[in-house]
Amino acid sequence: MHPRRPTEIYGLFAATTVLPGVGPKLAGVLEKRIGAHVIDLLRHLPVGLIDRRARPALTDLVDGSIATFEVLVVKHDKPPPGSRRPWRVITENETGRLEIIFFHARDDYVSRMLPAGERRIVSGRVEIRQGKPQMAHPDHIVRLEDHGEMPEMEPIYPLTAGLTPKPLRRAIEGALQRVPALPEWIPADLMTARGWPDFTSAMHQVHAPQAAEDLLPTSKARSRLAFDELLANQLALALVRHAAKDSMPGRRFAGTGALATALMTALPFTPTGAQTRAIAEIRADQQAPRRMLRMLQGDVGSGKTLVALAAMLHTVESGAQAALLAPTEVLARQHHTSINAFLAPLGMEAHLLLGQGRGGDRKPVIEALEDGSAKIVIGTHALISEGVTYHDLGLAVVDEQHRFGVRQRVLLGQKGEGVDVIVMTATPIPRSLAMTAYGDLDHSRLDEKPAGRLPIETRALPLDRLGEVVDRLRVALASGKRAYWICPLVEESEKLDVAAAEERQQALARALPGVEVALAHGKMKPAARDAAMQRFRSGAAQLLVATTVVEVGVDVPEASVIIIEHAERFGLAQLHQLRGRVGRSDEASSCLLLYQGPLSETATARLAVMRETNDGFVIAERDLELRGPGEFLGQRQSGMPEFTLANLAVHQDLLAIARKVAAGMMGEDDTPRDRATADLLLSLFERDSAVRFLASG
């Protein structure tokens, strides 16, 4: 048996309802936005700091400042029943008078908190109204004998609807009480060199910042916890590599070369050097006895599908089957169409398998996979469902354009004996981040565009020139062009002054009589959305108004214009993916970025990068430089882990050290030397349940 992790940490994985003030309603909000367990709250770090040490005279206040006062409650000016007038509490001290205001207050609350004739300490934002100081709804009201409960330096946490500062801080304070003293997993010489605190001290320090410097990712406490998270990530990847490759030996797929040669001969174009190199790298893996786990990373339009198909045909030549797993039904159908276009000259056809009730006859396909007559299959999650059995699956290609994780790779790999796995990603990722996100995979990069592809002309214009843009679009559509118009929201929001896709579609339909304007967004029923995209694909609709549902995978070579409204609200990677919907033929294409001024410094830099380059890998590196803590590894980055404590834009040096330390934690048999420590580290910081499952051994 493996040594057990310390029992003291089990309290960190309790539901948040064990914390003070957290009932079922608040627990639901926390679970949706932060997490369901105590440890999740501990990883929710402050983003700002309120200094409550200022105690100025009431005659010497700065309007809008945060201040703390000791006051005597003089009297209450209570509004009459039914009145909308606020409740006013008159207080004073030796420096003057302070009026405390409450809107919609309950009788018992105000009377209990500020009883007339008693002294209280109050802290909050002060305002000057008609020359008199006021404080509306103080942040803190405490009795003099409880002055220790008034925080001098108070952390500010990210909030969301239904989550307010006081109950969140109270819950986090309760969570901190449950942090035990733990054995140290970081080497002593590294701890000394960096001056890092132990885990428990670091966790307390990050939630009690005393200065702005304590909020920086380079502070000693935050650096230590960031290293912990990176170390757990690198250790998990080492374990996954062992579980998925070493413990499941591969097999040689020799291949005859006949089908691959026929494919290349039938192509109406010459593959790029990057495609030829990637095909050779993959073929070498397939012919080796060890199992292939490889990421095929390519920019939009770089030709990943051809490389994947060459690998699939090599597997088929060897007598086995190949499957391609796509994240959505739309992309599965699109892959099926494009791959069958490549296969037609070879007299072959790929099969399509979708979920239950998603069209097509599933039973013949499932039977053909089981008896081996289906050599190539393309589908959604249906490919890894329990009811699907393969005669001899040799290669699984995972189109990781959303968040397929380790578990999907492993499940598909378990559908056969020694199954090779290729993960395709259309998101260019800086090399350092690729090593972190996909440390269990070898890498092939497609960094060339097919011959004949022209750079996409990219311009940026302010939204107040919208009428001019519509006029130019009318001329382009009249000449036979097809265009996308991208909006950031589906329906009008009172909080955000952004265009709604539905309203924009209606406005453009009125402005462009005689033009069919299709609409596609994520809230539509899939069948209606697919029908709209099909009308655009066929040319029945010349203009497609859409949200980011077209961000990846939608392939309409005839489309040559894309207009992105409120471009300042999109990240660089997303802008690049959207722009990649055009420029997919030898026709000159253009991208127009409409922005609402004034622009922030970061937004200005993003739009400048888009105008300067079409290279996704260059854009990815600039994106990493421009983004703040945690942003780059957010959900927009396909298949990449989200770090809450580490910021790879800052912690590059820690990543390199974490990789070395993780390697030192592994024994000669590729399992951890100290199982209990590894288990503890993964439990605290590695959130991928599949990784933990594999690591549990």
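Does Ala483 count as buried or exposed, and at what relative accessibility? At 1% relative accessibility, Ala483 counts as buried, where buried means under 20% relative accessible area, exposed over 50% and partly exposed in between, with a 1.4 Å probe and protein chains only. The structure is a predicted model, in which local features need pLDDT of at least 70 and side-chain atom pairs count only at pLDDT 80 or more, while totals for chains, interfaces and linings use all residues. Residues are numbered from 1 along each chain as its sequence is written, and side-chain values use heavy atoms, with hydrogens and water left out.

**The surroundings of Ala483**

Ala483 lies in strand 17. Helices (H or I, at least four residues) and strands (E, at least two) are DSSP runs, numbered from the N terminus. Leaving aside neighbours within four places in sequence, Ala483 is in contact with Leu473, Leu477, Phe536, Gln542, Leu543, Leu544 and Val561; contact means heavy atoms within 4.5 Å. The C-alpha atoms of Ala483 and Ser590 are separated by 9.6 Å, although the two residues are 107 residues apart along the chain.

**Two parallel sheets**

Strands of a sheet pair through backbone hydrogen bonds, either parallel or antiparallel. Here two strands pair if DSSP finds at least two bridges between them.

| Strand pair | Sense | Bridges |
|---|---|---|
| Strand 3 (87-93) and strand 4 (96-102) | antiparallel | seven |
| Strand 4 and strand 6 (132-136) | parallel | three |
| Strand 10 (321-325) and strand 13 (393-399) | parallel | five |
| Strand 20 (559-564) and strand 21 (590-595) | parallel | four |

Strand 3 and strand 4 form a hairpin with two residues between them. The bridge partner of Ile90 in strand 4 is Glu99, and Val561 stands opposite Ser590 in strand 21.

**Nonpolar cores**

A nonpolar core is a set of buried Ala, Val, Leu, Ile, Met, Phe, Trp, Tyr and Cys residues joined through side-chain atoms within 4.5 Å. The largest has 60 residues, and those with the most contacts inside it include Trp185, Phe227 and Leu235. Helix 7 gives the most to this core, with ten residues. Not counting residues up to four places away in sequence, Leu235 touches Ala662, Met665, Met666, Ala678, Leu681 and Leu682. A second, separate core of 34 residues includes Ala308, Leu309, Leu395 and Ile422.

**A helix pair**

Helix 18 (residues 572-579) and helix 20 (residues 616-626) pack at an angle of about 155°, with their axes 9 Å apart. The two helices are therefore roughly antiparallel to each other; angles under 35 degrees count as roughly parallel, over 145 as roughly antiparallel, 65 to 115 as roughly perpendicular and the rest as oblique. The contact is made by Leu572, Ala573, His576 and Arg579 of helix 18 and Gly616, Ile619, Arg622, Asp623 and Leu626 of helix 20.

**Backbone exceptions**

Most residues other than glycine have a negative phi, and most peptide bonds are trans. A cis peptide bond joins Gly597 and Pro598, with omega about -5°. Pro598 lies in the loop between strand 21 and helix 19 (601-612). His566, which is not a glycine, has a positive phi of about 55°; His566 is found in the loop between strand 20 and helix 18 and is buried, with a relative accessible area of 3%. His137 also has a positive phi, near 45°, but is partly exposed, with a relative accessible area of 37%.

Terms used. Axes fitted to C-alpha atoms, helices over the stretch in contact; angles between N-to-C directions.
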